[in-house]
Amino acid sequence: GIFGRDDSVADVARSLQADTHLPLVVCGPDAPAIVATAAGRPLVLLDVRELERPRALADATLAAALEHALLCFDGLEDLNAGERSRLLEQIDARPERSVLIGRTRREAQALADRTVLLVELPFPSFTERRLAWEGLSGGADAADVAAKFRLSIEQIAAAAEVSRVAARTRG
């Protein structure tokens with residue numbers, strides 16, 4: 001799993017395997033990484049605003065097939081009526097189940113008049129954050145940092161990378 005997020009990965013995996021054609025909406029911190037881990041393959045993310053380009057979905061579908069990846073829609077925040085309508089049309093037209101990724105439960109409201117399978121991911125616990133800090137930075141003060149900063153695992157990874165780059169430039 002990704003630094004102790006095994007319960008979240010298992011929840012998403014069960015939802016991906018569910019025998020239903022209902023769209024799956026996964027929202028919360030680290031959603032793309034958790035969906036990819038649960039699916040056991042990389043993701044191709046298509047921003048729903050790109051659906052206004054006629055070839056966007058075909059291009060993303062081809063990329064997903066070539067990479068053996070799971071095609072997911074993201075960019076659900078603040079959709080206007082036209083964008084929302086295009087998204088719903090594409091969900092209805094696709095022979096396969098649609099997987100959508102959002103940062104918050106509020107973004108799932110883009111599909112408010114549809115029945116969906118919703119998985120809301122909890123924020124990483126202190127233990128998960130501590131494991132991430134330890135694994136990504138190797139710092140001895142991982143517990144202190146995990147307690148002080150409520151970051152997602154993706155944010156911790158980015159912060160650890162910035163820290164490594166800063167340390168290299170300092171010599």
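Trainee: What should I keep in mind before we start?

Mentor: This is a predicted model, where local features need pLDDT of at least 70 and side-chain atom pairs count only at pLDDT 80 or more, while totals for chains, interfaces and linings use all residues. Residues are numbered from 1 along each chain as its sequence is written, and side-chain values use heavy atoms, with hydrogens and water left out.

Trainee: What makes R5 and E128 a salt bridge?

Mentor: A salt bridge asks for a side-chain nitrogen of Lys or Arg within 4 Å of a carboxyl oxygen of Asp or Glu. The N to O distance for R5 and E128 is 3.7 Å, a salt bridge. R5 lies in the segment before α1 (6-17) and E128 in helix α5 (residues 126-137), so the pair ties together parts that are 123 residues apart in sequence. Helices (H or I, at least four residues) and strands (E, at least two) are DSSP runs, numbered from the N terminus.

Trainee: Why is R5 called buried?

Mentor: Buried means under 20% relative accessible area, exposed over 50%, and partly exposed in between (1.4 Å probe, protein chains only). R5 has 0% relative accessibility, so R5 counts as buried. E128 is at 14%, so E128 counts as buried too.

Trainee: Which residues are joined with R5 into one network of salt bridges?

Mentor: Salt bridges that share partners join R5, D30 and E128. The structure holds 16 salt bridges.

Trainee: How do you know whether E52 is buried or exposed?

Mentor: E52 has 53% relative accessibility, so E52 counts as exposed. Its side chain meets that of R86 in a salt bridge at 3.6 Å, N to O. This pair links distant parts of the chain, with E52 in the loop between β2 and α3 and R86 in helix α4, 34 residues apart. R86 has a relative accessible area of 25%, so R86 is partly exposed.

Trainee: Why does E77 have no salt bridge?

Mentor: Lys and Arg count as positive and Asp and Glu as negative, while His and the chain ends are not counted. For E77, which is buried, the nearest side chain of opposite charge is R103, 4.1 Å away. E77 sits in the loop between β3 (70-74) and α4 (81-93). Setting aside neighbours within four places in sequence, E77 is in contact (heavy atoms within 4.5 Å) with R49, R103 and E107.

Trainee: What makes R150 a charge over the ring of F123?

Mentor: The rule wants NZ of Lys or CZ of Arg within 6 Å of the ring centre and within 35 degrees of the ring normal. R150 lies over the face of F123, at 4.4 Å from the ring centre.

Trainee: What is meant by the largest nonpolar core, and which residues touch the most other members?

Mentor: A nonpolar core is a set of buried Ala, Val, Leu, Ile, Met, Phe, Trp, Tyr and Cys residues joined through side-chain atoms within 4.5 Å. The largest one has 21 residues, and L46, F73, L87 and L100 touch the most other members. β2 (43-47), α3 (56-66), β3 and α4 each supply at least two residues of this core, and α3 gives the most, with four. Apart from it lies another core, of 18 residues, among them I2, I34, L43 and C72.
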